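I opened my notebook beside the model and jotted down what I looked up. Come and follow along.

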Amino acid sequence: MKIKRYIITENNQINKNYLEKYITENNISQNEIPKIQIERPPEIIVFYNENEETAGSLNLWHNRPNYNGKTTSYIGNVNILKKYRKNETEIFNQIFENLKKEGIETIIGPLNGTTWNTYRYVTDKGHHSPFLMEPWNEDYYVELFEKLGFKPLAYYISTIMENMNPVQRGHLSKKIEKLKKFDYYKDITVKSAENEDLMAVLNKVYDLTIEAFKNNFLYSELDREIFLKMYMSYEDKIVKKFFKMLYLKDELIGYVFGIPDYAELQYKEKIETMILKTIAISPRYNGKGMGYILIDELVKEAEHSGYKNVIYALMHEKNISKNIGSLLGDELRRYSLFIKEL
């Protein structure tokens, strides 16, 4: 195989001429363009066989924050067609050698630019089918990364509460009863976005989201424009009553975003599962049980709407949210993020 490198963005802005060249030369579907516009990869590398036929591709994000003091790039959207999965390590090693000459010292992935986008590989699939917006991969890609010398950098889990498990629901109820004893509880209000404009809601929670996640592992700030575009791309799937906002008196201090698992329609022809996709609490109120209040409201709404299961999605193993997910659900899946020193 041989490669061709396409520079797509400069200074985090897409160069339309470069993008058009990539699209035209590789017969890229129009459906893929919005994803490129959101993820903004500085570089796309395409693999070709001896007959100039596409064999695969990957994206690279340069100028990422240094990791452990080393110049770092991210790798993502790795795709190798099955018939070319034989000597692919040679071409990857060539790419890594080129990057090393260009001053890159560390590669982290799969990570599509920022942790706001798709990242991580599934390393333990369990027995459940993939849920909506879950990163999913063939086992081949984990094996490929391992062959290329990548090592696990961080671990993540998803958990599930099935059939509104009474024991796990009981754990949640006990947490809420304890919180009711604190004076601040009487000033807590949870409001649904059901009767609000979605764009207005997203603008309202943007600043809180940035504040809540700024200390997360490998965090990088996201422009308001991209944040809105990401959520609005799912506008037809969002059920606003599952978007809950938490107020202390008149101050917005947290929210939870749940979304039905539309993926179940493919194999159940009905939706029985709610996904807790995002929960954000102002750092000033961490450790006061605000997350439990939001989760309780979302679970009650899901139960009232006829859902049987709740998935707590994609929690870092060292985050507080992982402790919540493990208390309220059973392990569903495991994921890893990898690192390679060049």
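**Entry: the second largest pocket.** I asked which strand gives the most to the lining of the second largest pocket. I found strand 5, with 5 residues. I keep in mind that this is a predicted model. Strand 5 covers residues 54-67, and I noted that strand 2 (9-10) and helix 2 (33-39) also supply at least two lining residues each. For the space in this pocket I wrote down about 410 Å³. Its lining has 23 residues, and those closest to the centre are Asn12, Arg40, Pro42, Trp61 and Arg64. I then sorted the lining by class and got 7 nonpolar, 9 polar and 7 charged residues.

**Entry: serine 220.** I located serine 220 in the loop between helix 6 (198-213) and helix 7 (224-232). Is serine 220 buried or exposed? I read 13% relative accessibility, and buried means under 20%, so serine 220 counts as buried.

**Entry: helix 3.** Which residues of helix 3 are buried? I listed Glu88, Ile91, Phe92, Ile95, Phe96 and Leu99. Looking down the axis of helix 3, I saw that these buried residues fall within an arc of 140°, so they line one face of the helix. On the face turned away from that buried side I noted the exposed residues Glu90 and Lys101. After helix 3 comes glycine 103, and its phi is positive, near 100°.

Entry: A reminder to myself: most residues other than glycine have a negative phi, and most peptide bonds are trans. With that in hand, I went looking for departures.

- I found a cis peptide bond between glycine 109 and proline 110, with omega about -5°. Proline 110 sits in the loop between strand 7 (106-109) and strand 8 (121-124).
- Methionine 164 has a positive phi, near 45°, though it is not a glycine. I placed methionine 164 in the loop between strand 9 (151-161) and helix 5 (166-179). Its relative accessible area is 9%, so methionine 164 is buried.
- Lysine 249 is another residue other than glycine with a positive phi, here near 55°. I placed lysine 249 in the loop between strand 11 (243-248) and strand 12 (251-260). At 59% relative accessibility, where exposed means over 50%, lysine 249 counts as exposed.

**Entry: leucine 332.** Where is leucine 332? I found leucine 332 in strand 15, which runs over residues 330-341. Why do I call leucine 332 buried? Because its relative accessible area is 5%, and the cut-off for buried is under 20%. Next I wrote down its contacts, leaving aside neighbours within four places in sequence: Lys125, Gly126, His128, Phe131, Ser158, Thr159, Ile160 and Ile311. Last, I checked leucine 332 against glutamate 269. The two are 63 residues apart in sequence, and I got 21 Å between them in space, C-alpha to C-alpha.

Note on methods. Residues numbered from 1 in each chain as written. Predicted model: local features only at pLDDT ≥ 70, side-chain atom pairs only at ≥ 80, totals over all residues. Heavy atoms only, no water. Helix = DSSP H or I, 4+ residues; strand = E, 2+ residues; numbered from the N terminus. Buried < 20%, exposed > 50% of the residue type's maximum accessible area, 1.4 Å probe, protein only. Contact = heavy atoms within 4.5 Å. 1 Å grid on protein atoms, 1.4 Å probe; cavity = no way out; pocket = protein on both sides within 12 Å on 5 of 7 lines; lining within 4 Å. Points joined across faces, edges and corners; volume = space filled by probe spheres on them. Nonpolar A, V, L, I, M, F, W, Y, C, P; charged D, E, K, R; others polar. Arc of directions from axis to C-beta.
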